[in-house]
Amino acid sequence: MRTIQFTLATLCVVLTTSLAYAKDDKAAHPRDPQAEMELYKKLATPGEPHKLLASLAGSWTTKTKEWMEPGKPPMESTGSAEMKMLLDGRFLQQEYSGQMMGQPFSGLEIIGYDNLLKRYVTSWMSTMGTGTFIMEGTASADGKTITLKGKHAEPGGGHMTHRAVWTIVDNNTQTFDMFGTHHGGKEMKMMEIIYTRKP
């Protein structure tokens, strides 16, 4: 009985102390709605990364190489992409048409830069499946090379991890190289796309 009383008394002391600290912490950092609003406004304002995305708006032709197995020659195809900015310059949309694995292919990608997380986020949907493929990553110091990482579920269980290197060569040229790893195996190059702006 004494043990139970001692345990209850100890819990009361701990709770009282925790509440006192929490109260002191709130007093030291009072909530400022105006400052919060200013912060959210700043985070919602497009910056330099969004200007970079906006510079890619327009019509593009593509040349694609796909590697199905290491050491084997790639499948090659051509396609096109239409890019435009959405939501007052906050996101870049890419509508892609071409071939994938020898079949007609259409894809839709939304690309953004998250000011809060300080990284690029891409969301990709296509006629190759019913899922949404999401990748996140950061840019090089000059902002022209963006490295993205993500993963997707594979049939039969497990995931395939991806690494993509997106390089903005100049205003009229960009490249996209995709690498993949099956079930923790060795990484292999899976795809290469060269974008050339239409005249």
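Trainee: How many of the residues lining the largest pocket are nonpolar, polar or charged?

Mentor: In this predicted model, the lining of the largest pocket divides into 25 nonpolar residues, eleven polar ones and three charged ones. The pocket holds about 1,100 Å³ of space, and of the 39 residues that line it, W124, F133, H152, H162 and M178 lie nearest its centre.

Trainee: Which strand gives the most to the lining of the largest pocket?

Mentor: That strand is β10, with five residues. Strands that each supply at least two residues to this lining include β3 (91-100), β4 (103-114), β9 (173-182) and β10 (188-197).

Trainee: How much space lies in the second largest pocket, and what lines it?

Mentor: About 180 Å³ of space lies in the second largest pocket, and H50, F91, Y113, D114 and N115 are the closest to its centre among the 13 residues that line it. Here β4 gives the most to the lining, with three residues, while the lining as a whole divides into seven nonpolar, four polar and two charged residues.

Trainee: Which residues is T175 in contact with, leaving aside its neighbours within four places in sequence?

Mentor: With those neighbours left aside, T175 is in contact with V165, W166, T167 and V169, and also with I193 and I194.

Definitions and conventions. Residues are numbered from 1 along each chain as its sequence is written. This is a predicted model: local features need pLDDT of at least 70, side-chain atom pairs count only at pLDDT 80 or more; totals for chains, interfaces and linings use all residues. Side-chain values use heavy atoms; hydrogens and water are left out. On a 1 Å grid over the protein atoms alone, a cavity is a set of points where a 1.4 Å probe fits but cannot get out, and a pocket is an open set with protein on both sides within 12 Å along at least five of seven lines; lining residues have an atom within 4 Å of a point. Grid points are joined across faces, edges and corners, and a volume is the space filled by probe spheres set on the points. Helices (H or I, at least four residues) and strands (E, at least two) are DSSP runs, numbered from the N terminus. Ala, Val, Leu, Ile, Met, Phe, Trp, Tyr, Cys and Pro count as nonpolar, Asp, Glu, Lys and Arg as charged, and the others, Gly among them, as polar. Contact means heavy atoms within 4.5 Å.
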